[in-house]
Amino acid sequence: MLIIDQNLLEIDNLLEKIMDEFLKFPEVEAYQKAKADFMADENLQSQLKTLQDNSEYIAFRPELRALQHEINLNEKVYAFRLAENDLQQILTALTKKILNKSERFSLLT
């Protein structure tokens, strides 16, 4: 059974603060914009659906390989991937910091 005590509430408050601060990063704003641009491109979304619907045939159909290549070269796909990568780097660094703090805490207890 989960026991809710002051420590759990404090952790919850700290997590909210971390999220609030994380959402202020310029990389998060860039990611949100890149994702919105990516999702708003109806032609791109249609191409992605076609590719997804035929994913098991890509190796056998040159037109699907060409479509895959075209999608990979799309500037919105590229921008979205870069933004995802930037965000992932921040999340990795944040995770390492949290892990280091928790390791130090576990050594004290």
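Is Lys24 buried or exposed, and what is its relative accessible area? The close-ups below, all taken from a predicted model, begin with that residue.

**View 1. Lys24 and Glu21 form a salt bridge.** Lys24 is exposed, with a relative accessible area of 57%. The closest N and O atoms of the two residues are 3.2 Å apart. This pair is one of five salt bridges counted in the model.

**View 2. Lys33 pairs with Asp37 in helix α2.** Here the side chains meet in a salt bridge, with 2.8 Å from N to O. The two residues are four apart in helix α2 (residues 26–40), so about one helical turn separates them. Lys33 counts as exposed at 53% relative accessibility, while Asp37 counts as partly exposed at 31%.

**View 3. A nonpolar patch on the surface is formed by Ile11, Leu15, Ile18 and Ile98.** Together these side chains belong to residues with about 330 Å² of accessible area. Helix α1 (residues 6–22) gives the most to the patch, with three residues. Ile98 lies in helix α5 (residues 75–108), and this isoleucine is partly exposed, with a relative accessible area of 42%.

Notes. Residues numbered from 1 in each chain as written. Predicted model: local features only at pLDDT ≥ 70, side-chain atom pairs only at ≥ 80, totals over all residues. Heavy atoms only, no water. Patch = residues over 30% accessible without salt bridge, like charges linked within 9 Å, V, L, I, M, F, W, Y side chains within 5 Å. Areas by Shrake-Rupley, 256 points an atom, 1.4 Å probe, with all protein chains shown as cover. Salt bridge = Lys/Arg side-chain N within 4 Å of Asp/Glu carboxyl O. Buried < 20%, exposed > 50% of the residue type's maximum accessible area, 1.4 Å probe, protein only.
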